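Colleague: I am new to this structure. Please take a close look at a single part of it and describe that part in one connected account.

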Amino acid sequence: HGTSRVNERGILEIGGCETTELAATYGTPLYVYDEALIRSKCRQFIDAFSQSGFSFQVAYASKAFCTMAMCKLVEEEGLSLDVVSGGELYTALQAGFPVDRIHFHGNNKSLDEIVMALDAKIGCFVVDNFYELHLLSQLAEERGEKISVLLRVTPGVEAHTHEYISTGQIDSKFGFDVQNGQALDAIKYAHESNHLHLLGVHSHIGSQIFETEGFLVAVKRLTQLLGDAKDQHGFLPEVLNVGGGFGIRYVEGDTPQSAHTYIKAITDLVRAELDARQIPLPELWIEPGRSIVGDSGTTLYRIGSQKEIPNVRKYVAVDGGMTDNLRPALYQAEYEAAIANKMNQPATEVVSIAGKCCESGDMLIWDVKLPPAQAGDILAVPSTGAYGYSMSNNYNRIARPAVVFVKDGDADLVVKRETYAEVVGHDLLPKRAQLQR
Ligand code: LLP
């Protein structure tokens with residue numbers, strides 16, 4: 001998909017670049033991003049909204065893949081940005097992202113993070129709980145500023161997704177509960193506060209969601225809540241944010257909808273429900289992460305050792321694993337793969353792809369069909385653009401891979417490969433050993 005193709009020499013090309021060349025130039029593992037495909041995903045959401053008649057913001061959820069280059073690209077495409085930590089905020093600021101289009105999320109923002117965001121004059125805070133609500137109100141008073149907030153509410157929707165990543169159900173660490181009245185109390189507090197500017201409400205019901213159903217149930221609960229807020233407290237929203245969670249295809253059988261289908265279903269229902277309650281249409285915001293960037297990333301690995309257990313399984317090991325892609329180990333996430341330098345050879349073997357970490361659970365793919373693999377071959381794993389680099393780690397003191405953006409035959413290094421010196425860069429020998437040196 002995207003600009004991927006197999007060239008005359010049977011080599012996988014992305015963005016007009018031979019993946020084998022990229023691996024040779026930048027080393028492996030390597031995250032390769034198809035820049036044109038990311039841009040087209042951004043535009044699909046914008047186009048879908050443009051047809052809806054709503055004012056809107058599409059905020060890229062930077063947790064999916066947060067680097068300065070990505071912040072820049074998202075800015076160029078006219079998106080806003082959702083950050084959830086001081087680190088993500090810092091990345092956006094370093095990239096020069098327009099501060100008024102930054103939204104700050106998180107269920108336990110620290111005082112330092114909040115002050116950093118206030119000093120930067122970001123667009124709004126998505127407030128998660130009463131502790132934060134009171135803290136912001138107090139800070140606003142002290143600073144003589146008015147702080148713009150959205151309230152994250154938990155509409156009680158269980159999205160059809162892996163339990164680790166569903167966040168809209170009642171028993172969740174996130175947000176003000178709609179069902180027990182906390183959400184309405186929070187609206188009253190923020191609406192009546194002289195220090196807060198209440199923009200509206202937000203919900204996020206989960207991630208990697210294929211059906212529109214879950215979003216529609218959430219919209220019903222949110223609009224019901226807004227109806228109560230209007231009737232009881234005279235509050236009319238300027239913004240309604242329905243979060244992210246739109247699914248992508250990882251393997252055969254994954255059936256995400258198009259951006260257009262999700263947005264059409266959501267905008268139609270929001271309009272109908274708000275019209276029925278005589279609430280003027282607010283701006284509609286969404287926060288896609290995975291669906292902007294997931295498809296666009298491919299990880300390249302070099303194949304090394306193999307182990308065959310006769311009549312049981314053949315393990316093919318690569319030079320990365322759970323350090324660059326934690327998703328299989330953490331969520332039993334599934335991926336497809338191909339040998340980038342043997343694209344025209346028939347897939348005659350079923351093998352399992354092992355990572356290089358000292359942990360049996362470090363398996364990237366169970367049972368994938370490939371041509372016979374040899375040491376030195378390049379394995380390409382597509383759809384690793386979201387939550388791969390962003391959840392990478394230094395387990396076993398493995399250095400993080402480099403990231404390149406490719407487009408029209410040009411490769412742009414946007415994150416350098418970590419060095420061993422950087423991996424130990426924050427270590428200090430104990431004082432006694434420093435004296436002995
Ligand atoms: N907005 C909020 C408030 C969120 O919590 C999330 C994701 C998003 C937006 C973006 O969701 P997306 O469009 O990417 O599905 N590490 C997991 C996914 C965790 C998602 C957490 N929140 C994974 O690798 O599957």
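**The annotated residues and the ligand shell**

Modeller: R290 has its place in helix α10, which covers residues 290-293; helices (H or I, at least four residues) and strands (E, at least two) are DSSP runs, numbered from the N terminus. The model is predicted, with local features needing pLDDT of at least 70 and side-chain atom pairs counting only at pLDDT 80 or more, while totals for chains, interfaces and linings use all residues. Residue numbers start from 1 along each chain as its sequence is written.

R290 is buried, because 27 other C-beta atoms lie within 10 Å; the term buried requires 20 or more such atoms, exposed means 12 or fewer, and partly exposed lies in between, with C-beta atoms placed from the backbone. Not counting residues up to four places away in sequence, R290 touches A64, S207, Q208, I248, A386 and Y387. Contact here means that the C-beta atoms, placed from the backbone, lie within 7 Å.

An unreviewed UniProt entry lists R290 under "binding site", together with R327, Y331, E359 and Y387. These residues span 98 residues in sequence and their farthest two C-alpha atoms are 27.2 Å apart, so they do not all gather at one spot. UniProt positions follow the numbering used here, feature names are shortened, and annotations may be inferred rather than shown by experiment. E359 is found in the loop between β17 (349-354) and β18 (363-370). With 13 other C-beta atoms within 10 Å, E359 is partly exposed.

The unreviewed UniProt entry also carries the annotation "modified residue: N6-(pyridoxal phosphate)lysine", which covers K63. K63 sits in the loop between β5 (56-61) and α3 (68-76). K63 is buried, since 21 other C-beta atoms lie within 10 Å. Leaving aside neighbours within four places in sequence, K63 is in contact with V84, E88, G289 and S390.

G289 also belongs to the surroundings of the ligand: 22 residues surround the ligand, and the closest are A61, S207, G244, G289 and Y387. The shell draws at least three residues from each of domain 1 (5-33 + 296-423) and domain 2 (51-293), with bounds from an automatic or database domain assignment. By residue type, the shell divides into 8 nonpolar, 10 polar and 4 charged; Ala, Val, Leu, Ile, Met, Phe, Trp, Tyr, Cys and Pro count as nonpolar, Asp, Glu, Lys and Arg as charged, and the others, Gly among them, as polar.

Notes:
Contact = placed C-beta atoms within 7 Å. Near = placed C-beta within 6 Å.
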